[in-house]
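The following note sets out several points on the structure shown below. Please read each point alongside the coordinates.

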Amino acid sequence: MKEESKRSIDKASQQMIDKAAKEKVKLSWDRLEDMEPQCGFGQLGICCRNCTMGPCRIDPFGEGPQKAVCGADVDTIVARNLLRHIAVGAAAHSDHGRDVAHTLLLASEGKAHDYEIKDVEKLKKIAGYYEIKTDGKKKEELAREVAEASLADFGRQEGEIKFANRAPAKRVELWRKLGIMPRGIDREIVECLHRTHMGVDNDYKNILLHGLRTSLGDGWGGSMIATELQDIFFATPEPIRGKVNLGVLKEDLVNIVVHGHEPILSEMAVKASQDPELLEMAKKSGAKGINLVGMCCTANEILMRHGVPVAGNFLQQELAIMTGAVEVMMVDVQCIMPALKDIASCFHTQIITTSPKAKFPGVTHIEFKEEKAYEVAKSIIKMAVDNFKKRKKERVDIPKEEMDLVAGFSAEVIHHILGGRFRATYRPLNDAIISGRLRGVAGVVGCNNPHVKHDWAHLELVKELIRSDVLVLQTGCSAIACAKAGLMKPEAGFKYAGYGLREICEAVGIPPVLHLGSCVDNSRILIAATEIIKEGGLGDDLSCLPAAGAAPEWMSEKAITIGMYFVASGVFTVFNPPQPILGSKNVSDLVCSKLKDLVGGYFAFESNPKKMAKLMINHIDKKRKELNLKPVMYKPIIVKT
Ligand code: BF8
C-alpha cells in the first residue's frame, strides 16, 4: 500500500500527502513516525510532573516504584492527569463562550458597531432562561442583560449555572444529589488546578467526580453559552447547502482559509470578502475574485450560517497549504498546528494570527479587536489580495474533489423539519423511535488523529450506524469527514441508510447524517436529547434514551471534556484512541464501568469502528428493551459500496 493511502482514505488528502513526500515537506504523519516509539508512561497516564520532587513515574509492570516521591499512587496520578485534561478542554470551550458574551456586551453598548443582533426570538428565549423580563425592552437592552447574566455564570461563586437547569428534572436532581451540579464555570476549572496541586486531592473517585462537574460546566455552561449567543448574533442555523474538501480552493481566485474556532472573527471575514473595493482590487491583481473558505470548527460555524465552503478537517490544515494556492490562512484559537509556519514558508502563503492568546514566533500578527472588527478583517483580506501576485503557478496543484452537503441542523430547526413550520414538534422523531422505524440516535463527534487513518474510523462507524437505522448527529471534524464522503447529501439515505431511516429521510427530505455544527455546538446535541425527553414516551431522563455517543479519532483535550459531559449527562460513549488512563485499573474501571451506576453513562475504548458500532447498537437495543419498545422494524441492510 502506498504511504498516502495508509494515512488517509480521502483522495484529495492522499494527493497532497503524495505531493508533500515528493517535495520532502514533513507533515504530522511524518513527525509522528519521527516520534516513535512514543512515551509509554504518558500513554498510560502514569507520570507526574506536578512538583519538582519529581518527575515521577510508576512502573507499569509492578517491579519498579509504585509510589511517587510524595507517596501518590498510580490511581491518584492517573486521575489527577485526567482532571487536568478536563480542565483544559473546559477552559478552551468556555473561554470561547466568554469572548462571545463579551462581544455581545460591547455590541449592546454600541461599542462593537460591526455586529448586529440577528435572532431576536432566540434572544428572548435565552433571556427567559436567565429569568430576565423581556416586555417593552429594546433588543440592545435585552442583549446587555443577557450578556451580563451569562458573564456572571463564568464568575459565579455559589449556586448553580443557569443552563444546567435546562436538563430534564430527574438529571438535575441526580447532579445535585451527587454534588456535581456546576456552580460557576471558571470556579470548577480553577478548582481542578487546585485539587491537582501537590498534596491536595488524592482520592481518585473524588477527583473524577469533580471532573464530571467541570465538564458539565462546559457542556451545559461555556459551550452552551457560546452556541446560544452566537445564534443571537449571527442567527440560528437552518438547512443550507455547501461544498466540502480541498477542491473548494480555486486556481483563478484569491484563496483565503479561515482556520480556528470563533465566528466572532470568521463572520467578519465572510463579510469583508464580499467588499466591492477588495473585489475590484482582486481583479486588478489578475484574479477573478475572492474565495473565502473555512478549516476545522470555524469552517463549521460559517458553513452552518452562510454555506461558506469547507476546505477540510483537522489533518487537512497542512494539506491546504500544500496546494500552493492559499494566499492567506488567518487563524484565531485552538487546533492550529505550529507546523503551519514551516509549511507556509515553502510556499507564498502567509499565516496571520489574530488572537492575543495565540501568537506564533515569526508570524505576522494582526490583532483582532471587536470594536473595529470589519476594519481588521478587511485589512487581512487585502493582504491576501496583494499576495496573489506572489503565487507560483507552476507549484499550484489543487485536488478536484469537492462534495455537496446540507448542513444547518440546529435543535430548533429539527422541530420545524419534523413537525412542520406551524406545528414545531419532536413528536414524529419520538414516534419513529417508539414504533421501531428508527432504532435510536447517535452523536458522532470529534477530531482527526494521525494515529488513526484519516477519516476512516468516522466513516466506517457512521455507515454502520445508519445502515442499522440509527440517525446520526454530528459536529466538528467528524462532521466534515462524513460530509466529504457524501453522507450529508439528502440522497445518501437511499445509498447508505437502513429501510426505516431511509423512509424518514425520504418523507422529511433530510440526510441520514445531520450536521449540527462546531464542537461547542455539541451543546445542540444535549438540547436535542432534552427535547426528545420533553416530548414524552421515551423515559424521564437522558440516560433512558436509546442513544449513544462516539469520538472515533479524537486527539484534543476538548474531546475528553465533551466525552465527560456526555457521560455525566447519562450517555454511553465510545472513544478511540483510549484516554490516557489505562495505567490505573481503578480509574479505568470507574470510567469504563462503575460510572454507569452513578450517572447512567460510561465510556468504552474500542479501535475497530465496526465493533464500536456494535457496542453502541447493543446499548441502544438495551435501552429500547428497558423502555418496553417494539422491536426494530427492519434488519440492517447490506450496503452497496
Ligand atoms: O473543536 S473536532 S480537531 S477543530 S477539537 Fe479541533 Fe477536534 Fe476538529 Fe473543532 Ni473540536
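**Notes on the predicted model**

1. The side chains of R395 and E23 form a salt bridge, with N to O at 2.7 Å; the term denotes a side-chain nitrogen of Lys or Arg within 4 Å of a carboxyl oxygen of Asp or Glu. This pair connects distant parts of the chain, 372 residues apart: R395 lies in the loop between α16 (373-387) and β10 (403-407), and E23 in the loop between α2 (11-22) and α3 (28-35). Helices (H or I, at least four residues) and strands (E, at least two) are DSSP runs numbered from the N terminus. Over the whole structure, the search returns 56 salt bridges. Side chains of opposite charge can pair when their charged atoms come close.

2. On conventions, residues are numbered from 1 along each chain as its sequence is written, and side-chain values use heavy atoms, with hydrogens and water left out. The model is predicted: local features need pLDDT of at least 70, side-chain atom pairs count only at pLDDT 80 or more, and totals for chains, interfaces and linings use all residues.

3. Which residues are around the ligand? They are H261, C296, C297, F314, C335, G446, C447, C477, C519, M555, S556 and K558, where a residue counts if one of its heavy atoms lies within 4 Å of the ligand. By class, this shell has 8 nonpolar, 3 polar and 1 charged residues; Ala, Val, Leu, Ile, Met, Phe, Trp, Tyr, Cys and Pro count as nonpolar, Asp, Glu, Lys and Arg as charged, and the others, Gly among them, as polar. Domain 3 (246-395) and domain 4 (406-626) each supply at least three residues of the shell, the bounds coming from an automatic or database domain assignment.

4. Two side chains of the shell place polar atoms by ligand oxygens. For H261 the distance from a polar side-chain atom to an oxygen atom of the ligand is 2.6 Å, and for K558 it is 2.9 Å.

5. An open sheet of 6 strands runs in the order β13-β12-β11-β14-β15-β16, with parallel pairing; two strands pair if DSSP finds at least two bridges between them. Its edge strands, β13 (513-517) and β16 (603-605), each pair on one side only. Within the sheet, β11 (residues 440-444) and β14 (residues 547-551) run parallel and are joined by 4 bridges, with G443 opposite G549 in β14.

6. The G54 to P55 peptide bond is cis, with omega about 5 degrees, and P55 sits in the loop between β1 (47-48) and β2 (56-57). A cis bond also joins N576 to P577, with omega near -5 degrees. Q334, a residue other than glycine, has a positive phi near 75 degrees. Most residues other than glycine have a negative phi, and most peptide bonds are trans.

Notes:
Polar contact = N/O pair within 3.5 Å; in protein donor to acceptor, adjacent residues only side chain to side chain.
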